[in-house]
Amino acid sequence: MPNSPTRADRRLPPRAAAAAALLAVDAGENVEEALARLSPHDAADRALVWNTVLGVLRNRAAIDVGIAAAARRAVWTLDAAVLAVLRVGAYELAFSRTPPHAAVNEAVEASRALRVGHASGLVNAVLRRVQVPRTGDVSLGFPEWIVRRWRDRHHDVDAYLRACNEPASIYIVAKDDPGGVAASFQHAGLVLVPAGPGVFRLPARSGRVDELPGFAEGRWWVMDAAAVAVADLVPDGVQTVLDTCAAPGGKSFRLASRGFRVTCTDLEEARLGRVRESAARLGFELDVAVHNWTTPHPGQFDAVLVDAPCTALGLVRRHPEIRWRRREADIAEAARLQAKILAQAARCVAPGGCIVYAVCSPEPDAGPAVAASLGWPIEAVFDNAAHADG
């Protein structure tokens, strides 16, 4: 496998950058972080890389069927970098308007840029005969075990899968002046779509988020509308709120914007570093600390928010890589971890206070089943399912 690309590798041509991002995702990196790190600066090339990588992840099973048939071997027997290049090339051939000869040539050049030029002949031969199945069978975009589980629960599983495979919109939350934020975007030629109190959906192809009006000045932050709805379940009238699994920080920022004193914790200092950085940009004062929530915490708070670690299968619109990382056994493991976290977090609720428990998973084994196992009454259930964008 070639050396892992670094920030200096923004000079990679777009298809090679896309393949490098796929390699990073396979190694465990968040897809958005990999794309932000590796995408070229040029806007058109950047858009090509993002669209290609997310497209490959949404259609990977069908792409791999085509590659395996054309290569006459199982995809797992191919070098990882070569397979990434083939996936990029096969996606471009099947789902873009790029002329076939150009898509093949670009893939060959990408193999050389990633230092696997010895396989350029294989790349050329496979892509010249690859046929990606286009049967309309949306289940080819998901592992079989996920399709089986969801088929048991959804009357029209194909519609549910199609909803999960749609690209996710980007939402922003105004810190304290929604009207002013909307006006600044309109002045720049961008019309924000209202999506709730202080929440807006960005129009498609808005450009780099950190270059949009008001970002550098700390007037808003990026946060999915479904996550806003969870944070807003914390009732008015409380003073102190604990956000237990806080990174990347959106819920803590929403709570701070409502005037609460917010303490936010997470398991890893690196993740909290990004929370501190964003809080400084936004001008929020938060108490931030590392804590492992399988162990006791000494604090007491009027409200505790637990957005618990889970399989995150409810996030496959924004993070299509998740479907390929999870195993069916992960669901039960996540539920056991959530029960431990909730048991500790509940001890931090002051008398008369409340706890809000949320998961990014449509699996019934998490959420309601975990709460029931602890003997908790469930007063409200917010189900974002596949219809939310995050």
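Which residues in H8 meet which residues in H9? The legends below take up this and other close-up views of a predicted model.

**View 1. Helices H8 and H9 cross each other.** Helix H8 covers residues 144–153 and helix H9 covers residues 157–164; their axes come within 9 Å and cross at roughly 125°. That angle makes H8 oblique to H9, since an angle counts as roughly antiparallel over 145 degrees and as roughly perpendicular from 65 to 115. H8 passes H9 in a right-handed crossing. From H8, the residues Val-147, Trp-150 and Arg-151 meet Val-157, Tyr-160, Leu-161 and Cys-164 of H9. Sorted by class, this contact of H8 with H9 holds 6 nonpolar residues, no polar residues and 1 charged residue.

View 2. The axes of H2 (residues 31–38) and H3 (residues 43–58) come within 10 Å, with a crossing angle of roughly 150°. The two helices are therefore roughly antiparallel to each other. Their crossing is right-handed. On the H2 side, Val-31, Glu-32, Leu-35 and Ala-36 take part, and they meet Arg-46, Val-49, Trp-50, Val-53, Leu-54 and Leu-57 in H3. By class, the contact of H2 with H3 has 8 nonpolar, no polar and 2 charged residues.

**View 3. An open sheet of 4 strands is paired in the antiparallel sense.** The order of its strands is S2-S3-S1-S4. Strands S2 (193–196) and S4 (220–222) stand at the edges with a single partner strand each, so one side of each has no neighbour in the sheet. On average, and with direction ignored, neighbouring strands of this sheet are turned by 35° against each other. Strand S2 pairs with S3 (residues 199–201) over 3 bridges, in the antiparallel sense. Val-193 stands opposite Arg-201 in S3. Helix H12 (residues 250–257) packs on the sheet and touches S1 (171–174), S3 and S4; the direction of H12 makes about 150° with that of S4.

**View 4. An open sheet of 5 strands is paired in the parallel sense.** Here the strand order is S7-S6-S5-S8-S9. The edge strands are S7 and S9 (349–358), and each has a single partner strand, so one side of each is left without a neighbour in the sheet. Neighbouring strands are turned by 20° against each other on average, direction ignored. Helix H13 packs on this sheet, touching S6 and S7, and its direction makes about 165° with that of S7. Helix H15 (residues 329–346) lies across S8 (301–307) and S9, running at about 155° to S9.

View 5. Strand S6 (residues 261–266) and strand S7 (residues 287–290) run parallel and are joined by 4 bridges.

**View 6. Two loops show backbone features.** Most residues other than glycine have a negative phi, and most peptide bonds are trans. Arg-115 has a phi near 65°, a positive value in a residue other than glycine. Arg-115 lies in the loop between helix H6 (100–113) and helix H7 (120–129). Ala-247 and Pro-248 are joined by a cis peptide bond, with omega about 10°. Pro-248 belongs to the loop between strand S5 (240–243) and H12.

Methods. Residues numbered from 1 in each chain as written. Predicted model: local features only at pLDDT ≥ 70, side-chain atom pairs only at ≥ 80, totals over all residues. Heavy atoms only, no water. Pairing = 2+ DSSP bridges. Axes fitted to C-alpha atoms, helices over the stretch in contact; angles between N-to-C directions. Parallel < 35°, antiparallel > 145°, perpendicular 65-115°, else oblique. Left-handed = near helix turned anticlockwise from the far one by under 90°. Contact = heavy atoms within 4.5 Å. Nonpolar A, V, L, I, M, F, W, Y, C, P; charged D, E, K, R; others polar.
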